[in-house]
Amino acid sequence: MVPASHRTQTHFLIDIAKRVFEGLLTAWIAVTLTFFALRAATGDPVSSLLSQGLATVEQAQALRTALGLDQPLTIQYLDFIAGLFKGDLGLSLYTSQPVDQIILQQLPSTAELALSGLISGVLLGFFLGTTAAWKRDHWTGKLASSLSGLSTSVPVAFIAILALLLVGMLGQQTTGNLNFLGYSGLLPALVLGITTAGPIAKVIESGLIESLQSEYIHAAMARGYQKDLRLLWHALRPALPPVVSLSALEAAYLFSGTVVTETVFSRPGLGRLLLRSILEGDFPIAQGLVVVAAIFYTLSHLGADLIAMLLDPRLRDTT
Amino acid sequence: MTGRITIIISSFWVVAVILLAIFGPLAAPADPFSPVGEPLLSPLEHGPMGTDALGRDLWSRILYGARQSLSAALLATTLTVSIGTTLGLIAVLYTSWLGGIILTLANAALAIPGLLLAMLFVAAMGPGYLTVILAIGLGGAPGFIRLSRSIFAQIADEGYVDVARALGAGKLRIARNHILLNAQGPLLSLATTHFAWAFMGITTLTFLGLAGDPSIPEWGVIMNSGRAFLIDAPWLAVVPGALISLTILAVHHLGLELTDRFRPRG
């Protein structure tokens with residue numbers, strides 16, 4: 001007979017394998033959707049170069065051959081997938097630079113912005129959510145709750161503009177140059193953090209309210225626990241796993257936020273690269289970015305699920 | 001949850017914005033496309049809101065912009081709700097392979113963050129209002145399929161649906177007379193919440209310059225054009241930004257209230 005602990009461990013591994021397979025399947029479908037959606041709609045991207053007068057007929061034909069656009073769609077698709085495994089995302093239509101290199105050049109700036117945005121968002125969300133639940137009947141709690149609601153409803157663009165305006169006005173007052181705030185990345189990161197904080201705060205708030213009403217907390221209070229930090233820690237424990245998975249998901253969604261933030265703060269990065277490639281019609285770059293984002297999103301989704309399964313034993317035996 | 005006063009204020013605001021969108025252009029004091037005076041006049045020097053960088057009356061542009069922003073978001077929401085409801089319903093009625101395919105595709109599309117999915121459409125179709133509406137409308141569909149499906153699945157589990165099936169009702173009859181009829185409330189709250197998202201998405205895309213022609217007044221476009229004059233004429237960006245935020249906030253609160261009201265009991 002197999003010991004019980006052994007059996008759950010095997011189950012756990014099977015669960016993980018299933019999740020990994022699901023994640024890979026999702027990534028593959030998303031990549032395929034992206035490829036065919038762009039090809040079907042743009043048709044022949046080189047013709048836009050022709051119509052703009054940026055290439056002669058011979059050059060266009062050469063470019064088509066170089067990009068493999070004269071091949072049947074299925075061959076192009078297989079080439080694209082095969083290229084993905086080698087990290088090859090094709091060439092830019094305008095500069096003929098490899099797309100993966102262009103993306104890698106811009107990646108550090110965006111990664112820095114997204115990471116600092118996520119950290120400030122988690123910290124701010126934690127603060128707002130805990131305050132909202134802990135001081136629920138006090139005005140501070142109500143204020144924290146409405147602030148986190150506000151952060152989900154106000155567009156990133158407007159938060160960024162308000163932040164710039166505030167710094168600009170402060171700069172006029174103190175006659176000092178506060179531009180460094182924008183360029184050092186502190187201000188953009190804060191702006192991203194504010195938009196990220198809302199959902200995290202809401203999850204912590206509802207989780208904490210629920211666990212504060214649970215029996216084990218009542219029992220702890222009956223045994224003489226004060227409503228202090230020690231009790232807060234006990235109550236927070238069961239509310240944490242959803243926060244971890246949400247933070248991982250937010251990390252992927254931050255990419256949308258960086259498009260706006262980088263534009264408003266004139267910061268280089270993947271977001272502005274995407275916007276520029278779309279406005280210029282440089283579709284291999286746009287396609288490469290969306291594919292990278294989809295893979296990154298699927299992986300962080302997968303990571304979030306696995307972390308949640310590790311943290312919360314209840315999620316392990318769902319099958 | 002949300003206070004009575006919040007709901008009343010939100011309703012007033014939403015009605016006001018709708019009236020603005022319908023009658024605003026009639027009440028506009030000037031042509032939103034041509035200059036009326038010096039550029040960047042302050043609200044004290046000209047009209048209620050001053051002039052923009054090209055000397056056009058900002059108040060008139062805001063009034064025309066209300067119609068453009070609101071109708072774009074409304075069209076996008078209509079598109080999302082019709083696609084999402086239809087496919088969600090099919091996924092519940094045909095639980096076998098068809099439902100599975102719909103859900104798998106929806107989940108895969110959800111792996112691309114909404115704004116990115118929308119930008120992908122713009123990349124494919126080129127900038128313009130039609131593109132932005134389609135992008136947000138189609139971009140919101142995968143999420144809506146999942147949410148509406150869970151509403152329908154809950155109703156399809158009810159005893160009266162089993163009874164109807166036992167009495168020999170066909171799938172279409174069950175869908176129309178039982179599932180859709182009883183899903184009206186939750187669907188309305190879902191659509192309202194979604195409208196807030198669509199409004200934010202539309203104004204974000206137009207803010208990024210993906211709507212093409214910047215002379216057409218629209219709140220996101222106006223906010224974008226005010227960005228370059230933040231210090232000299234902050235109202236150019238702040239007025240449309242505040243209007244957008246307040247509208248999203250109001251619709252969001254109405255959505256929450258509807259969700260509370262239509263939450264299934266028991």
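How do helix 1 of chain B and helix 2 of chain B lie to each other: roughly parallel, roughly perpendicular or oblique? Before you click, some ground rules: this is a predicted model, where local features need pLDDT of at least 70, side-chain atom pairs count only at pLDDT 80 or more, and totals for chains, interfaces and linings use all residues. Residues are numbered from 1 along each chain as its sequence is written, chains are lettered from A and ligands numbered from 1 in the order in which they are written, and side-chain values use heavy atoms, with hydrogens and water left out.

**Stop 1: two helices in chain B**

Select residues 4–27 of chain B for helix 1 and residues 58–93 for helix 2. Their axes come within 7 Å and cross at roughly 135°. An axis here is a line fitted to C-alpha atoms, for helices over the stretch in contact, and angles run from 0 to 180 degrees between N-to-C directions. The two helices are therefore oblique to each other: angles under 35 degrees count as roughly parallel, over 145 as roughly antiparallel, 65 to 115 as roughly perpendicular, and the rest as oblique. As for helices themselves, they are DSSP runs (H or I, at least four residues), strands are runs of E (at least two), and both are numbered from the N terminus.

The crossing is left-handed, that is, the near helix is turned anticlockwise from the far one by less than a right angle (clockwise would be right-handed).

Now show side chains. On helix 1 of chain B, the residues in contact include Val17(B), Ile18(B), Leu20(B) and Pro25(B); on helix 2 of chain B, look for Leu63(B), Tyr64(B), Ala66(B), Arg67(B) and Leu70(B). Contact means heavy atoms within 4.5 Å. By class, this contact has 11 nonpolar, 1 polar and 1 charged residues. Ala, Val, Leu, Ile, Met, Phe, Trp, Tyr, Cys and Pro count as nonpolar, Asp, Glu, Lys and Arg as charged, and the others, Gly among them, as polar.

**Stop 2: zoom out on chain B**

The C-alpha trace spans about 75 × 45 × 30 Å along its principal axes. Of its 266 residues, 51% count as buried, where buried means under 20% relative accessible area, exposed over 50%, and partly exposed in between (1.4 Å probe, protein chains only).

**Stop 3: across to chain A**

Chain A brings Leu274(A), Leu275(A) and Ile278(A) to the contact, while chain B brings Leu116(B), Met119(B), Val122(B) and Ala123(B). The contact residues divide into 7 nonpolar, no polar and no charged.

Stay on helix 13 of chain A and click Gly271(A). Gly271(A) is buried, with a relative accessible area of 0%. Leaving aside neighbours within four places in sequence, Gly271(A) is in contact with Thr110(A), Phe255(A), Thr258(A), Val259(A) and Glu262(A). Just after the helix, Gly281(A) takes a positive phi of about 80°.

**Stop 4**

Step back to Ser266(A), in the loop between helix 12 (240–264) and helix 13 of chain A. Ser266(A) has a positive phi of about 50° although it is not a glycine. Most residues other than glycine have a negative phi. Ser266(A) is partly exposed, with a relative accessible area of 43%.

Then find Ser109(A) in helix 5 (residues 99–134) of chain A. Ser109(A) is buried at 19% relative accessible area. Sequence neighbours within four places aside, Ser109(A) is in contact with Arg267(A), Pro268(A) and Gly269(A).

Ser96(A) sits in the loop between helix 4 (73–85) and helix 5 of chain A. Ser96(A) also has a positive phi, of about 60°, and counts as partly exposed at 42% relative accessibility.

**Stop 5: a bent helix**

Finally, select residues 186–212 of chain A, helix 9. Where does helix 9 of chain A bend? Go to Ala197(A): the bend there is about 35°, and a proline, Pro199(A), follows within four residues. The bend is the angle between axes fitted to the seven residues ending there and the seven starting there. Helix 9 of chain A is mostly covered, with 19 of its 27 residues buried.
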